[in-house]
Amino acid sequence: MQEPVLWSDDYALNIEQIDEQHRHFFKLIGDLFLAVRSPQWEGEKALAALTHLCDYAYYHFDTEEKFFEKAEYPERVLHRKYHEEFRRQTQLFLSRFRAPTADGKKVLEEAAAFAQRWLTQHILAEDKKYVQCLKERGVV
Ligand SMILES: [Fe+2]
């Protein structure tokens with residue numbers, strides 16, 4: 001079974017506002033893992049953890065995308081597509097969870113593993129690419 005990954009300096013972009021949001025994003029993924037694995041399965045509580053995670057993710061993407069616009073970051077269109085893909089996938093988990101015959105615990109466990117894999121890879125592979133541009137253009 002997958003274990004929650006903790007924040008480490010490997011994920012630091014050295015942009016204070018973004019790093020703080022990423023740390024919070026990790027924490028919310030940890031909260032989702034905890035809710036899913038709680039000995040007393042409480043579907044509503046676990047669903048609330050996923051909903052909270054999604055809301056925060058969208059808020060965070062918005063922060064990044066505003067910086068991209070200000071900096072006219074050349075890869076902003078592609079980067080927005082990666083964010084969009086996360087939104088699409090998480091909405092799919094939410095609708096799978098709501099299906100009458102769903103195994104809610106399994107769906108949310110998959111959602112937690114997905115969110116974690118997505119976030120860690122996205123920071124390392126994509127977010128790290130915008131740091132230099134945003135700094136050079138003075139928006140962070
Ligand atoms: Fe991003």
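## Helix packing in a predicted model

Helices H1 and H4 are roughly antiparallel to each other, because their axes cross at roughly 160° and angles over 145 degrees count as roughly antiparallel. The model is predicted. The axes of H1 and H4 come within 9 Å, and the crossing of the two helices is left-handed. On the H1 side the contact involves His22, Phe25, Ile29, Leu32, Phe33 and Val36. These residues meet Lys105, Leu108, Glu109, Ala112, Ala115, Gln116, Leu119 and Ile123 of H4. By class, the contact of H1 with H4 divides into ten nonpolar, two polar and two charged residues.

Two packed helices are described by the angle between their axes and the distance between the axes.

| Helix pair | Angle between axes | Distance between axes |
|---|---|---|
| H1 and H2 | about 165° | 9 Å apart |
| H1 and H4 | roughly 160° | within 9 Å |
| H2 and H3 | roughly 170° | within 11 Å |

**H1 with H2.** H1 covers residues 16-37 and H2 covers residues 43-71. The angle of about 165° is over 145 degrees, and H1 and H2 are therefore roughly antiparallel to each other. H1 passes H2 in a left-handed crossing. From H1, the contact is made by Gln17, Ile18, Gln21, His24, Phe25, Leu28, Ile29, Asp31, Leu32, Ala35 and Val36. From H2, it is made by Lys45, Ala46, Ala49, Leu50, His52, Leu53, Tyr56, Ala57, His60, Thr63 and Glu64. Sorted by class, the contact of H1 with H2 has 13 nonpolar, six polar and three charged residues.

**H2 with H3.** H3 spans residues 76-98. H2 and H3 cross at roughly 170°, so these two helices are also roughly antiparallel to each other. On H2 the contact is made by Leu47, Leu50, Cys54, Ala57, Tyr58, Phe61, Glu65, Phe68 and Glu69. On H3 the residues are Arg76, His79, Arg80, His83, Phe86, Arg87, Thr90, Phe93, Leu94 and Phe97. The contact of H2 with H3 holds eleven nonpolar, three polar and five charged residues.

**Nonpolar core.** In soluble globular proteins, nonpolar side chains tend to be buried together. Here the largest nonpolar core has 21 residues. Those with the most contacts inside it are Ile29, Leu32, Leu53, Leu108 and Ala112. H1, H2 and H4 (104-136) each supply at least two residues of this core, and the largest share, eight residues, comes from H1. Apart from its neighbours within four places in sequence, Leu53 is in contact with Leu28, Ile29, Leu32 and Ala115.

**Individual residues.** Phe114 lies in H4 and counts as partly exposed, because it has 16 C-beta neighbours inside 10 Å. Phe114 is 24 residues from Thr90 in sequence, and the C-alpha atoms of the two are 8.7 Å apart in space.

Two residues other than glycine have positive phi values. Phi of Asn14 is near 60°, and Asn14 sits in the segment before H1. Glu72 has a phi of about 50° and sits in the loop between H2 and H3. Asn14 is exposed, because 10 other C-beta atoms lie within 10 Å and the limit for an exposed residue is 12 or fewer. Glu72 is likewise exposed, with 10 other C-beta atoms within 10 Å.

Conventions:
Residues numbered from 1 in each chain as written. Predicted model: local features only at pLDDT ≥ 70, side-chain atom pairs only at ≥ 80, totals over all residues. Axes fitted to C-alpha atoms, helices over the stretch in contact; angles between N-to-C directions. Helix = DSSP H or I, 4+ residues; strand = E, 2+ residues; numbered from the N terminus. Parallel < 35°, antiparallel > 145°, perpendicular 65-115°, else oblique. Left-handed = near helix turned anticlockwise from the far one by under 90°. Contact = placed C-beta atoms within 7 Å. Nonpolar A, V, L, I, M, F, W, Y, C, P; charged D, E, K, R; others polar. Core = buried A, V, L, I, M, F, W, Y, C linked by C-beta atoms within 7 Å. Buried ≥ 20, exposed ≤ 12 C-beta atoms within 10 Å, placed from the backbone.
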